[in-house]
Amino acid sequence: MSNQGAPQPPPQPNAAGAAARTGTPPVGFGPGSSPLTQIRPQPLSRTSTPSTSAAVASASPAPSDAVPGNSRSPFASQPAPFHPSPSPAPPAPPAQGSQSSSPHPPRPQPPLAGRVTSPLAYTAASPPATNMYGSTMPIQARPPQQQQLYQQPQQQQPQQQQYQQNIGYPTSVPPTSAPQQAWSPPPASVPATAQASGQVYGQATVSSSTSSRRRLYPEQMATAYSSPPQPSSQQLPPHQQQNKQQHQLPPHPQGALPSYSGAPPSSPPGQAATNQNTAGLGGFFVPGAAPPAISQPQTVSGLPPMPPVSGAGIQAAYPAAPMVQQPGYVAPMQPQMGDVTQQFSQMGLGPNPQDYQVSVLGGKPQLSMLNDEPPSIKLPPNTTCVPTSYAICHPSHKRSTLNAVPKTDKLLKKTKLPFGLVITPFKTQQQGDDLIPTVTEIVRCRRCRTYINPFIVFVEGGRRWKCNMCGLSNDVPLYFDYDSATQMQKDRWKRADLNHAVVEFIAPAEYMVRPPMPPVYVFIIDVSYAAVQLGAPEVIGQAILSSLDRIPNSDGRTKVAFIAIDSALHFFQIRADSAEPHQFVINDLDDVFLPAPKDLLLNLSECRAGIEALLSRLGSMFKSNHSVGNALCPAIQSAQKLLGNLGGKVIAMLASPPTVGEGKIELRAEGKDLGTPRESDLLRPQNNWYKNLAAECSRVQIAFDTIFFGQQPMDIATLSGLARHTGGSQFYYPSFMATYKPEVERFTQEFSNHLGAQVGLEAVLRIRASKGLRMTSYYGNFFLRSLDLLALPNVTPNHSYAVEVELEENLTTPVVFFQTALLHTTSYGERRIRVSTLALPTTDNIHTVFHKADQIAIASLLSKKAVDRALVAKLEDAREALQHKALEIIGAFKTECTQSSSGATTQLQIPRTLQLLPFLALASLKHTSLRSGNNVPPAIRMTAINFILTLPAEQGVQPYTVPRLYSLHDLPAEAGYPDEQTGITVLPPSLGLSAEALSPYGMYLLHDGHDIFLWIGREVNPALSQSLFNVHDVRTIPSGGINIPDFSSGSDKPAKGLELNFQVNNIIRRLNDLCHNLWAPVIYVCKEDSDTHLRLMLSQRLLDDMVPGAPSYQQFLNQLRDKINRGSF
Ligand SMILES: [Zn+2]
């Protein structure tokens, strides 16, 4: 605390990331505690009597004054952005739930001929697959896949792999016996028992079907990048052709074809039906399994005609690129003739290798590609059962590194490309997004538990549907075609779950083992001397107070609790009928008890007056506190008792390290080890107390968010385990001082956004894949509960999860599938399952694999793997592994796909779609999370690692790893104003990331998501500062963190003479929107002729340039070429 005691020096923006503030992505909070029906007062009621050690004091307000603390210049320069890092989490606790079989009441028999089996009913012959979803949810049985949290590819039994915490956990999931055989041929005859699962299903509501603005990314877009090596003449893989004969689908009349191939859905009805049939089986028939017994085509009575697809079929639907990047120099192509050309010709690409590969040496990175859509997913015709333009999963939900999957492991290994997905399962709906339709009837494969999706095939005249994952035929529920309530025919082709890749099912009671929990938030607030010196209690109190209305509480069930900590625990009792909080101080921390168990967990609505009183007095209450301890561990244990079995979110806000209890932290000397191999030790927890506790809490649906303030060493590496293993978030504000306004505003805004974010509670995420594919490693913040089940006590919209996939056997189908299902409870108490299904074509052509590789997804996956490795091995190992991977991929391309496969070359040929790969690899190596050198404090690095592990692919790559740079002195007239058509602010063209771009006459803005740098040249035109700051003399603008005033006061037009101010504020708002408002960046004024630290920080973000310890982009390319020429990869 010594540091804290004395006024701190202004934060230094040193390269090390001096103060970086970072926060963990704030996303949904999910505390939830809740009063399940059985609200149980604390299970610990026994200790609830205040003991002698508890002093009861009235929390009466002490006069609150200005926050004590050292004063620091409000403009002190601050430093750098860093980011917390979560690491892969260990297995998570089981969700509550019991397995569900589905006892549906017999349903009224609609007038359909034929026997119908409910897909929800289980029969003896095909028992419900293991239901790992909170045990309530029937889950598919998959072959044992091992989880490798930390990417050790072991072959052990699943159980052995699980963390010990799992052991003994009463998962209600039955041993996956039956399910294991998910892929074995289905029983000869599927008992049609469950016939009566007739529950009265509601009608699917497709709220979004009308939104046609944005389409999934369709095939047509594909051409954007170069001609895809798709054999035109043999588009249909053999399997499909072979299947092309007899299928009969339920007559769907005049259905238009799904138009993956670009075929307009306007085929004549007759033909459409034929195509459909063909497609049907072709796409999903699993060779090897007995051919589906297809009866002769029959017309199912009541099957309405398929709807024609409107317009474009599967059109590209990615939102338009947010900005136009400045076109970089396009290196001249080196014609590669010979066999390559020939191959292209064979592939129907034509002899135009230029479209396929580029030579990158000597050129600038084409950063504009970061705004492009991924390579198109080209599915065989009629892969969907209904012609729909929404069947392709948008990459913001799920993004594959390979949009054409090699059919064999041998081919995959030959390319050296990583195969994996980056999944953002709880992505927030944003402006321009297609709405996610909700469906009230859940239909799943009896055997593998896959949810029905657009890629199933109707067989036997439409009476059964064939699972696209395992091939099993399931009965079509009667309610697909008939509404028993209204006694009207229904149109199955309009079902949302057959038309959309992403849907949300409203889960029935079988998916719950208890009433849905309400949101519950327990705030643990550090009020020790260290925190008081920073003025933290006051700011935190005000921040929570101002965010009370943003906390999800639409149904009035939300609960909150407050525990203040120093060397003791301070509980606050608030009653609904009183606005006067009472404080209990517990000094005896050996056996923590709750002094007033019934009045500590407060209903946010009912106790509002008392809560407001407490928060408004928090600063003054502890203004004179000189206690120097930190009782975080006992506070966490108290929170566990407080939340009991309800679950909830614990938000720990700390300015000092824990000093009491088993989890107390011994501070490690950091300085001398930075930049040495011993630095890696500082990134590992010094004890397992937090990890073990997180595992335990995960089981009872308790998640942790951790927020750190100030520069006092706190061993964030150890404390990170709390958020990492519970799906939580982490933020760090190293420059925090109550008197330093920019950082206070940053914290307040980010915290408020975090509290107000959409939240999913008591969630579990399962990923299913087609036969032959196996998930091997996961990255992100979660607890791995079983082989393919991630436990997320809290899931937030900004968190993504990466998974690596391997081929355990050859793929025999033309298309493979991944389906993720996120079972969660909404903040308003509804149990829902968000399901997304991604279909990817397979190929045996290595050119196609390279051509369809997604460099952003690859960069995201590789960076997540690298930082994960940094946490378990050496930082240097992580850097080398990343660099080596980039080298291997480019080397493999040269060897396998170019003419000069073995000879030395003067160029560096790269597939066009992967041309940014070297740059992105270099960017990761230069990023705070992996940067070499001795100036990155462990806390800053951990924060960065946490962000890399949790950010979605797009945001993690740009702007977080690759910032955006704009010049402000020559903004185009339209920049900073809303686009006339879309209403979205137009961004200026961005510049290459090099100091060459910075003119002394100019003014520039660099944005990396977390921070903004405003670079001002020494000879800048005073008119610019006049128009931006309303200050004529730029010298009067202080360096360091500032707030750019907004002179427009909400108007949609700039004030006269202040146009630049208007434009820049709009541009910044737009940039923050692109980051989902995860961050509220501080703006650092960085002048060309001063601010050494700030200039250093800025230079570290100019990725084209050489910096100490890392080469320039061109040097890096030369290194790669030389190593490849030497064959050293
Ligand atoms: Zn199945």
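Is Cys 448 buried or exposed? Cys 448 is buried, with a relative accessible area of 0%; buried means under 20% relative accessible area, exposed over 50% and partly exposed in between, with a 1.4 Å probe and protein chains only.

## Basis of the model

The model is predicted: local features need pLDDT of at least 70, side-chain atom pairs count only at pLDDT 80 or more, and totals for chains, interfaces and linings use all residues. Residues are numbered from 1 along each chain as its sequence is written, and side-chain values use heavy atoms, with hydrogens and water left out.

## Zinc site

Cys 445, Cys 448, Cys 467 and Cys 470 coordinate the zinc ion through their SG atoms at 2.2 to 2.3 Å. Donors are N, O and S atoms within 2.8 Å of the metal (3.2 Å for Na, K and Ca); water is not among the atoms, so sites may look incomplete. The spacing of the donor residues in sequence is C-x2-C-x18-C-x2-C. Cys 448, in the loop between strand E6 (438-439) and strand E7 (457-459), and Cys 467, in the loop between strand E8 (464-466) and strand E9 (473-475), are 19 residues apart and link distant parts of the chain. Strands (E, at least two residues) and helices (H or I, at least four) are DSSP runs numbered from the N terminus. Cys 467 also counts as buried, at 0% relative accessibility.

The arrangement is tetrahedral because the 4 donor atoms subtend angles of 101 to 115 degrees around the zinc ion; four donors count as tetrahedral if all angles lie between 85 and 135 degrees. The ideal angle for four tetrahedral donors is 109.5 degrees.

## Three-stranded sheet

An open sheet of 3 strands has the order E7-E8-E9 with antiparallel pairing. E7 and E9 stand at the edges with a single partner strand each, so one side of each lacks a neighbour in the sheet. Two strands pair if DSSP finds at least two bridges between them. E7 and E8 pair over 3 bridges, and Phe 458 has Trp 465 in E8 as its bridge partner.

## Strand E26

In strand E26 (residues 815-826), 12 of the 12 residues are buried, so the strand is largely enclosed by the rest of the structure. Phe 817 and Leu 823 are among the residues pointing one way, whereas Phe 818 and Leu 822 are among those pointing the other way.

Strand E21 (residues 760-769) pairs with E26 in the antiparallel sense over 8 bridges, with Leu 822 as the bridge partner of Leu 765. E26 and strand E27 (residues 831-843) pair in the antiparallel sense over 11 bridges, and Val 835 is the bridge partner of Ala 821. E26 and E27 form a hairpin with 4 residues between them, and Gly 829 in the turn has a positive phi of about 80 degrees.

Technical notes: Four donors count as tetrahedral if all angles lie between 85 and 135 degrees; four count as square planar and six as octahedral if opposite donors are over 155 degrees apart and all others between 65 and 115; anything else is irregular.
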